[in-house]
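Here is a short briefing on one protein chain. Look over the sequence and the 3D view first, then read the points below.

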Amino acid sequence: MQQSKYMKWFAVAATIGMVLILLGGALVTKTDSGMGCGRNWPDCNGSLIPKHITTEVLIEFSHRVVTGSVSILIFILSFWSWRKLGHVREVKFLSFMALFFLIAQALIGAAQVLWGQGDFILALHFGISLISFAAVLLLTLIIFEVDQKFNVNSIHIGRRLKIHTIGVTIYSYLVVYTGALVRHTNSSLICPDWPLCHNNSAGLPDNFYEWVQMGHRLAAALIFVWLLFIVIHAVKYYKDQRVLYWGWIIAFILVCLQVIAGMGVVLTRLNIIIALLHTLFISLLFGLLCYMILLISRSDQK
């Protein structure tokens, strides 16, 4: 039975909202606006609505408003999906994951404002939000009955592709964490060149910040190579299964865009638009990889 157009539009709104939360959080970090509302939460500088507006206050307060509004959307979507689509085996799990990790990221953000957190803990903030985004995205795909359109219950995924899919998805989360660590340790511009930290002198990093930056670049290079291998495998063996064929091609395109945006962040000295695109591409890639995991759970052993 097709879902109502209202439920579909609601799911789209929740998914777009989660993207805005991810981009807003990245914007807060990249503009150093985390303390725009001072050590106050949920109020801002002692007022429910800030009285004195600065750039930092506007960015931080807007992020809080978006997060609060989207949280309501996701709560309604999760309840609605549970009631209407609870018979679909993944729906209850995804509904729980979407809510749980959205609340978790909000609490970590609040704890940072009220008491402060270490860089390694703060780097988890984006990753936790990303899991919530992936859950909402998969819920939306189920609501739009994408599985039926691609007839995914009849696809066959070989053991090799299954192992690589699970492995690269888990590894992508590590890449996300290293990228978040770069932002939270203020290591984004510690290396002035690309692809090496200093192109005129190859060698090991000289300090902690260079290690963080170059560690992320190495992690990104490895996922690029890994996805290149997977897409070659998919093009060779899965041409007749278009959801796998095109899915992995799109995944490789996204990782290419991610690498280009990462290079652009360095060469433009942290241009905010390019930096946000960098965040967007990795978010979409992780969501797509999670969809590939869902396909594995529904496939037969080839």
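The chain has nine helices and two strands. Keep in mind that this is a predicted model. The points below cover the fold, the confidence, the overall shape, the surface and two residues.

**Fold**
- Along the sequence, the elements run α-α-α-α-α-β-α-α-α-α-β.
- Take the contacts in the chain with a separation of 6 or more: 78% of them join residues 24 or more positions apart.

**Confidence**
- The average pLDDT of the chain is 88.
- A score of at least 70 is reached by 94% of the residues.
- Confidence is highest in helix H7, residues 208-237, at a mean of 95.
- Confidence is lowest in strand E2, residues 300-301, where the mean is 48.

**Overall shape**
- The C-alpha atoms fill a box of roughly 55 × 50 × 25 Å along the principal axes.
- The radius of gyration is 20 Å.
- A compact globule of 302 residues would have a value near 19 Å, so the chain agrees with that expectation.

- Of the 302 residues in the chain, 50% are buried.
- The chain exposes about 15,200 Å².

**Residue Arg-183**
- Arg-183 sits in helix H6, which spans residues 159-184.
- Is Arg-183 buried or exposed? Its relative accessibility is 12%, and buried means under 20%, so Arg-183 counts as buried.
- Which residues does Arg-183 touch, leaving out those up to four places away in sequence? They are Thr-29, Lys-30, Phe-126, Ser-188 and Thr-279.

**Residue Thr-140**
- Thr-140 belongs to helix H4, residues 119-143.
- Thr-140 has a relative accessibility of 8%, so by the cut-off of under 20% this residue is buried too.
- Leaving out residues up to four places away in sequence, Thr-140 touches Ala-11, Val-12 and Thr-15.

Methods. Residues numbered from 1 in each chain as written. Predicted model: local features only at pLDDT ≥ 70, side-chain atom pairs only at ≥ 80, totals over all residues. Heavy atoms only, no water. Helix = DSSP H or I, 4+ residues; strand = E, 2+ residues; numbered from the N terminus. Buried < 20%, exposed > 50% of the residue type's maximum accessible area, 1.4 Å probe, protein only. Contact = heavy atoms within 4.5 Å. pLDDT = per-residue confidence, 0-100. Rg over C-alpha atoms; globule rule 2.2 N^0.38 Å. Areas by Shrake-Rupley, 256 points an atom, 1.4 Å probe, with all protein chains shown as cover.
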